[in-house]
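Have the model open as we go.

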Amino acid sequence: MTNPSLVSTGTDLLADAAADQAVPVTRVDWHPPMGGTAADLATVATDPLRRAANERALAAMLDVTATLVDVAPASEVLGLAPGEFLHAGPPITWERASGPLRGALMGGAALEGLVTDPEDAAALFASGSSVSLEPCHHRGAVGPMAGVVTPGMWMFVIEDPATGRRAHCSLNEGLGKVLRYGAYGPEVIRRLRWMGDVLGPLLRGAVRARRDAGEPVDVTGVLTQMLQMGDEAHNRNRAGTLMLLRDLGPDLVATAAAAGVPSTDVAEALRFVGGNDHFFLNLAMPACKLALDAARDVDGSTMVVAMARNGTDFGIQVSGTGDEWFTGPAQLADGLFLGDYGPADANPDIGDSAITETAGIGGFAMATAPAIVRFVGGTVPDALATTRRMREITLGESRRWTVPILEFAGVPSGIDVTRVCRTGILPQINTGMAGRVAGVGQVGAGLVTPPAEIFAKALTRLAERTVLRRGAAA
Amino acid sequence: MTTTHVEVRPGAYADSVTLLRVSRTAQQLDGVVAAQVAMATPLNVDVLTGMGFSVPAGTGANDLVVALHLTGDDALPAAVAGVDRALAEATRPAPDGGAGAVAPPRTTATALDRAPGSVVLVSVPGPHATVEAMDALDAGSDVMIFSDNVPVEQEVALKQAAAQRSLLVMGPDCGTAVLDGLGLGFANVVEPGPVGLVAASGTGCQQVMALLDHAGVGVRAALGVGGRDLSAPVDGLATREALRRLDADPAVVLIVLVSKPPAAEVAERIDRLVATLTTPVEYALLGPGRPDLTAATEAALVRLGRPVPDWPVHGTARPASGGHRLRGLFVGGTLATESAQIAGEDAARAGHTFVDFGDDEWTRGRAHPMIDPTVRLEHLAAVLADPETAVVLLDLVLGHGAEPDPASVLAPAIAGSRVPVVVSVVGTGADPQDLAAQIDALVAAGAEVHLSHAGATRRALALLPADTTTGAAR
């Protein structure tokens, strides 16, 4: 036999007794799980499907690679019809929609020409006739902040080359007074029209040229590099944005010249992308969704496949529970505010961007982005501790996305509902803060966590399914 | 003028051993007459009530109670501060928060990531044990579940999962194991030798180990399987795995199986397996009409061709001086059963009692009596003062994990009494408590001390007045 070592979970006295025998002892810092979850945890832990299901779900997610294959209007690639609006987070009605979501919907209605003055759109949405709301997630897309997508908005199209599956996201508008933060003033609409008329077609030319040359932009590869360059790919995308410009720039210039687009338009497009450090976020998000969608619908898996907020509710979806959303109230972020804004001005958490944390980057990769820890109100040791702490609630680590300062450990990947309930450790999300009032725009950025109870709700459903399956087998 | 302070701290948690240490520290604070710091489980509320504290209605098992009898109100602030200090010191310090600091693992799974291949010892409260044990099986590790109060269906699910992976689940409610020379839980220090033990009983296993040690025979391994393993629902799953492992170990010359008699269908299955093994198996099955543990150990010695020694007795009990009842107060469940069995069916009719303070009903939210003697000491004081009591029979169990000096609390309780007291000491000369010193302390207090528990029981029965002895006592 071999030299034994011991893991002791529970009373220190028994660990001490082993340590007294000169055996290496690893002590677990155990705390009781979230209230009321003990029986469900035991049921799910002993589900014969769980281990293999989680291995399958995690592997499916980690196996996905994402390439940028097209840029096109939502009407084309999502089949979005006039009057159909997508939004971030779990399903919601106009009545319950928060200020920034309402503002973005109003701006979107004006962009689509449904109203001339965005203010008139409130009555249109309140009436509910000729307009409909649906989560981005239900249509193969993700939307940052309010996440409003209209048929005329141009979308990045991301594809898994191995399977041809796709995910989509709108083009990033920049910071400040922008639609996704609920602003809908004339300058917001003007910028969106320029993005549809000039930026979208220019990007399409470049993206298609690269795709047709057999060298589509490798979004997964860019993410791998940016994580080593100080981006966590949620609140900091500076390196990623510059790499995208490097990749697309030559083809953008060449295709524009061939199509007779004025060089002033090309210059403006390059200046817009290069001047917007968050531009790559809208590629990171659908790349994450593409990976997580591959892990959906594995019976018995306790892995979270989506975290999303609509400004009112925070919702998660879990691999083993189909398309059901488990929701609770969205929380207020804790962080820093722009200008004179303060906590009273902030809307509760909003956006599909937590898909990055769901895939193991963003707040989960905080250790790799010391440059932004102050922006979100933390310190460098906090950042290292956060990434390590997130490993407590995940099934594994990424092979591709690694953190140099943690000896190139992979980012924590595959949030496990049972581990969240056991430890009470909640996923750490880096986020922007939208103004509470429609039309204000961004007021700050910071850190936020989901409401704890949604994990307990998901666990209960997983336990119910386990019991049903056992009953059917008996 | 003494005063009383009872303070409920909702939602605070510390394990029962930690709170035992805190209570002991609190008892020694200036101005404190008596102190109890405990989670408000029904048992602990009884203990608090017995100490003269009234616990507010609505206080539950998730609430921490700090209860103090004080010499006066003046003593309160310092005493509460002392309790707070003891609570803070008893819980491990947090990591220093520096950039390199790694927090301790929060789950068994994370601990096994950091120390792969370790054996796992789980001693968290019963409702939470299964999840931690499953982590061990998922990582390919054997696990000992010290916790009691684990639902039997969870035990079955764990052991079925273990059987599929050829892993060993020791317990739940497994007090003792020796693996690769490492004693886990309550384990006596014994030399390596030719015997492999499979035990559905912790103190039964310890009694056999201690007697073998006295006879100069060592133990290769002791695999505890938990008291329910040979019941019909659990179907001997762990016993079978343990037998196969010991049979495969060339160092094991004789296997001794210590248990209550198995359920009939389980016994048949075990017999069939034993018939296929190359290593002989000696049964030490407690039950009416079966040999006691001392006799079973003697049979094992004979099979090994080793001489059977005289089991030592130290001191002489006081003569009986009134009363009619034998009061057996035990920390060892199997020892309680063995005594009741030797006393025979008539014993209960005669009003003799054999209480196991390690039973689930006495340990909900409290440490095992081999760690926390409080509850047995209370009962000992009561029976010694009871004129009905003719003889008191006690056990005292040594080894790793047990109290550092158990005789120091038993001896003073025994010393002033008129009642004859017989004690069986389960221990070896190498145990950390110093066997000889423990025996000396008990003998000095007037007790008669036996190494053989069966011998101690027969002696206690023989001390009863003639009219109350039972037919089985000789």
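**Reading the cavities**

Q: How do the residues of the lining of the second largest cavity divide by class?
A: Eleven are nonpolar, three are charged and none is polar. Keep in mind that this is a predicted model.

Q: Which residues should I click on to find the second largest cavity?
A: Go for Val331(B), Pro369(B), Arg376(B), Glu403(B) and Pro406(B), which lie nearest its centre among the 14 lining residues. Two or more lining residues come from each of helix H14 (374-385), strand E16 (389-397) and helix H15 (407-415) of chain B. E16(B) has the largest share, with three residues.

Q: And how much space lies in the largest cavity?
A: That one has about 150 Å³. Its lining counts 13 residues, and nearest the centre you'll find Met61(A), Leu62(A), Val64(A), Arg400(A) and Trp401(A).

Q: Which elements supply at least two residues of the lining of the largest cavity?
A: In chain A, look at helix H3 (50-63), helix H11 (281-293) and strand E14 (394-403). E14(A) gives the most, four residues. By class, the lining of the largest cavity has eight nonpolar, three polar and two charged residues.

Q: How many cavities of 30 Å³ or more does the structure hold?
A: Seven.

Definitions and conventions. Residues are numbered from 1 along each chain as its sequence is written. Chains are lettered from A and ligands numbered from 1 in the order in which they are written. This is a predicted model: local features need pLDDT of at least 70, side-chain atom pairs count only at pLDDT 80 or more; totals for chains, interfaces and linings use all residues. Side-chain values use heavy atoms; hydrogens and water are left out. On a 1 Å grid over the protein atoms alone, a cavity is a set of points where a 1.4 Å probe fits but cannot get out, and a pocket is an open set with protein on both sides within 12 Å along at least five of seven lines; lining residues have an atom within 4 Å of a point. Grid points are joined across faces, edges and corners, and a volume is the space filled by probe spheres set on the points. Ala, Val, Leu, Ile, Met, Phe, Trp, Tyr, Cys and Pro count as nonpolar, Asp, Glu, Lys and Arg as charged, and the others, Gly among them, as polar.
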